[in-house]
Structure formats: C-alpha cells, structure tokens
Amino acid sequence: MSEGRGLKIFADSMLGKLALWMRVMGYDAEYEKAIDDGELVKRARMEGRVILTRDTLLIKRRWARENHLFIESDRPGEQLRQVLSVFKIDKEMFLTRCIRCNTLLEDAGKESVKGLVPPYVYSTQESFKTCPRCRRIYWAGTHRENMEREVERIARG
Ligand SMILES: [Zn+2]
C-alpha cells in the first residue's frame, strides 16, 4: 500500500471525522456524506484512492477488495491511531490542505488577509495560507485545540 505524500484516500460516509483529521495532517482525503457504494468504488478507482471503510459489504466489491483499509473501531481517536499505524505521517504535510474542501493551500501575503482574520491573529502571526477554492484562511498558530473544534464543527455538518 502506498504511503506518505502520494497517498490518496476515499473515506466512506461513516468516517467523516477521520477524513477531516487526515486532511489536517495533509493527506488527500475525499469524503462524501451521501454516496452509494458503487459510486464510491468507481470514484476511488478512477482517482487512484485507497478506500477507508467500516462497511463489510463494500469491501467485497471488485477492485475494493484489493484497495481498502478496513477500519476496526467506531471511535475517531482509535480510527486515527489505526490509520497512523499503517500510513507514514510526514510532519511537513501538516496544514497544507483545506480541512473543509480538501484543496491544497496557497501561501498568502500578510497584507492580503488584513481585515479577514481577527486583529489579534493579524498582529501576532506572520505567515498565512488560503484555500484557493473556498477562500478559508489558515495560519501557523492554528492550535490543535482550534483544529479539534473545527473538525467537530465540520463533522456535525
Ligand atoms: Zn477550502
């Protein structure tokens, strides 16, 4: 199974939170709330993604059989631990991808985010990134705690 930078995954609809965490870590992680098994397998195959799933029927489908990681636990913390025991994590990839839409972030000049981030953040941070697709702004001081809150929020929908 491929790992690290080039790894692309497709998480099934039960694994939304796991997919978001994988994006935080910089993995290319697709996830759709409502997608049927056939469509999921088709897209994963076309895009060369490893399927992450808890669905025992889905992994019996052709192609999926050889290209999945079966997730054992229904708890996101455990799921993340399992994934990290299989795929290599590259710290340099951390915060390179938009959590909301899975797009690679671009560097943004400090001036360009003026008025778009809280004043305290603007005065204390030097380096910012933006998502070219949904325009969300990220900065290096985005703490783990904030990230957790963000993941909770997005996972709730
Ligand atoms: Zn985005």
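Biologist: Across which strands does H1 lie, and what angle does H1 make with E2?

Modeller: H1 lies across E1, E2 and E3 and runs at about 155° to E2. Contact here requires that the C-beta atoms of two residues, placed from the backbone, lie within 7 Å, and the angle is taken between N-to-C directions on a scale from 0 to 180 degrees, with axes fitted as lines to C-alpha atoms, for helices over the stretch in contact. This is a predicted model, in which local features need pLDDT of at least 70 and side-chain atom pairs count only at pLDDT 80 or more, whereas totals for chains, interfaces and linings use all residues. Residues are numbered from 1 along each chain as its sequence is written.

Biologist: What makes a stretch a helix or a strand, and which residues form H1?

Modeller: Both are DSSP runs numbered from the N terminus, helices being H or I over at least four residues and strands being E over at least two. H1 spans residues 16–24, and together with E1 and E2 this helix makes a right-handed β-α-β unit. Right-handed means that, with the strands pointing away from the viewer, the path from the first strand over the helix to the second runs clockwise.

Biologist: How do you know that E1 and E2 pair, and in which sense?

Modeller: Pairing requires that DSSP finds at least two bridges between two strands; E1 (residues 8–11) and E2 (residues 28–31) have 4 bridges, in the parallel sense, and therefore count as paired. In E2, Lys 8 has Asp 28 as bridge partner, while Phe 10 has Glu 30. Phe 10 also stands opposite Ile 51 in E3, for E1 pairs in parallel with E3 (residues 50–53) over 3 bridges.

Biologist: What makes E2 and E4 edge strands?

Modeller: The open, parallel sheet has 4 strands in the order E2-E1-E3-E4. E2 and E4 (68–70) each have a single partner strand, so one side of each is left without a neighbour in the sheet. From one strand to the next, the twist averages 25°.

Biologist: Why is the crossing of H1 and H3 called oblique?

Modeller: The axes of H1 and H3 (residues 76–86) come within 9 Å and cross at roughly 50°. Angles under 35 degrees count as roughly parallel, over 145 as roughly antiparallel and 65 to 115 as roughly perpendicular, with the rest oblique; H1 and H3 are therefore oblique to each other. The contact involves Lys 17, Leu 18, Trp 21 and Met 22 of H1 and Pro 76, Gln 79, Leu 80 and Val 83 of H3.

Biologist: How do you know where the two domains lie?

Modeller: The bounds come from an automatic or database domain assignment, which gives domain 1 (4–93) and domain 2 (102–141). Their centres, taken over C-alpha atoms, are separated by 28 Å.
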